[in-house]
Amino acid sequence: MTGEQQEHRTVHDRVLARVHAALDDAHALGLTCLDVDELEAFTCQTLRIAERARALAATAVAEADHARVAPRNGIASLTAHLAATTGGPTAAIAPSRTLGLWLDTYPHFRSAWADGRLTEAHIRQLKTLDTPQTRHLLIRDHHVHIDHAATLAFADWLNTLSYWLLHANPDGTLPTDRDPSYGIRTRLHRNGDVELTGLLDPLTGEAFLTMIEHETQKLFSNQQHDQQVTPNPAQTDRVRKATALIDLLTRGFQRKDGTTPLPLINIVMSQ
């Protein structure tokens, strides 16, 4: 190792040592002394710091891949080597490598993630737009996506990606590696519970969220009116959203006279 390399390593080690020390100080802070506004500000800042740290990790993993760190240690897979070294699972490291390598082509997105203008979720969505047909347009319009992320809620930002893709790829054909399987799946558990999972395209998703949020807020307001106090905290927003979804489905299933084509629940009674 040359003297210059040793100096660089020392600088990097000192910076990381300061980061660890700052995190130690932050963990040692008591949070119960903060009022609600202060706690909210502290929480938001920690989330922003976590995003910037993930950006740095993705860059470092990609650079380690370029430097062939794993083969030098007799291991073919970089993610396996880093997982063994850090004690984490390969599944947690592989996505950082994938994003870090992809960002080599998009340094503006890398910088925006590093300084907090974009999050990992933004980067993942932008990566889905990358095809041979759209790559040059994605590079050209990088500032548009970054600027929109700074001013729009994430769901609204996703809508702008759909509109952008419509113009970037007007024939509407999407490569199979980025065309997700939109839809909803249901699973009936042995105890009778029903599990719902699904994925909606941005436009349908926005309409769905609008309806669910409206119905959820209506349930919340009705509970406040009925109780004249704060609604039962045991009924979480998650529970209210499930109730709102059932209400919407029930109204859509009912005939004009209020009846349904089929019984919604079958009850079997035995003596």
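By salt bridge I mean a side-chain nitrogen of Lys or Arg within 4 Å of a carboxyl oxygen of Asp or Glu.

Before going on, a word on the model. It is a predicted one, where local features need pLDDT of at least 70 and side-chain atom pairs count only at pLDDT 80 or more, while totals for chains, interfaces and linings use all residues. Residues are numbered from 1 along each chain as its sequence is written, and side-chain values use heavy atoms, with hydrogens and water left out.

Back to our pair. Are its two residues buried or exposed? Buried means under 20% relative accessible area, exposed means over 50%, and partly exposed is in between, using a 1.4 Å probe and protein chains only. Arg 97 has 29% relative accessibility, so it counts as partly exposed. Asp 65, at 24%, is partly exposed too.

Now the overall layout. The protein has 12 helices and two strands. These are DSSP runs numbered from the N terminus, with helices being H or I of at least four residues and strands being E of at least two. Along the sequence, the pattern reads α-α-α-α-α-α-α-α-α-α-β-β-α-α. Of the 271 residues, 21% are buried. As for contacts, meaning heavy atoms within 4.5 Å, take those between residues at least 6 apart in sequence: 49% of them join residues at least 24 apart.

Let's go inside. Which residues have the most contacts within the largest nonpolar core? They are Trp 102, Phe 109, Leu 118, Ile 123, Leu 126 and Leu 138, in a core of 23 residues. A nonpolar core here is a set of buried Ala, Val, Leu, Ile, Met, Phe, Trp, Tyr and Cys residues joined through side-chain atoms within 4.5 Å. Among the helices giving two or more residues to this core are H2 (36-66), H5 (90-102), H6 (107-114), H7 (120-128) and H10 (154-168). H10 gives the most, with six residues. A second, separate core has seven residues, including Ala 64, Ala 70, Ala 83 and Ile 93.

Leaving aside neighbours within four places in sequence, Trp 102 is in contact with Phe 109, Ile 123, Leu 126, Lys 127, Asp 130 and Leu 138.

The buried residues of H7 are Glu 120, His 122, Ile 123 and Leu 126. They cover an arc of only 155° around the axis, which puts them on the same side of H7; the arc is that of the directions from the helix axis to the C-beta atoms. Their cover includes H2, H5, H6, H8, H9 and H10. Glu 120 also belongs to a network of salt bridges with Glu 51, Arg 54 and Arg 124.

After H6 comes Gly 116, with a positive phi near 95°.

Next, the strands. Strand E1 (residues 183-188) and E2 run antiparallel and are joined by six bridges; two strands pair if DSSP finds at least two bridges between them. One of the pairings is Thr 186 with Leu 196 in E2. The two strands form a hairpin with five residues between them, and Gly 192 in the turn has a positive phi of about 100°. How many of the six residues in strand E2 (residues 194-199) are buried? The count is zero, and E2 is hardly covered.

The side chains of Glu 215 and Arg 251 meet in one, at 2.9 Å from N to O. This pair again links distant parts of the chain: Glu 215 is in helix H11, Arg 251 in helix H12, 36 residues apart. Glu 215 counts as buried because its relative accessibility is 5%, whereas Arg 251 is partly exposed at 44%.
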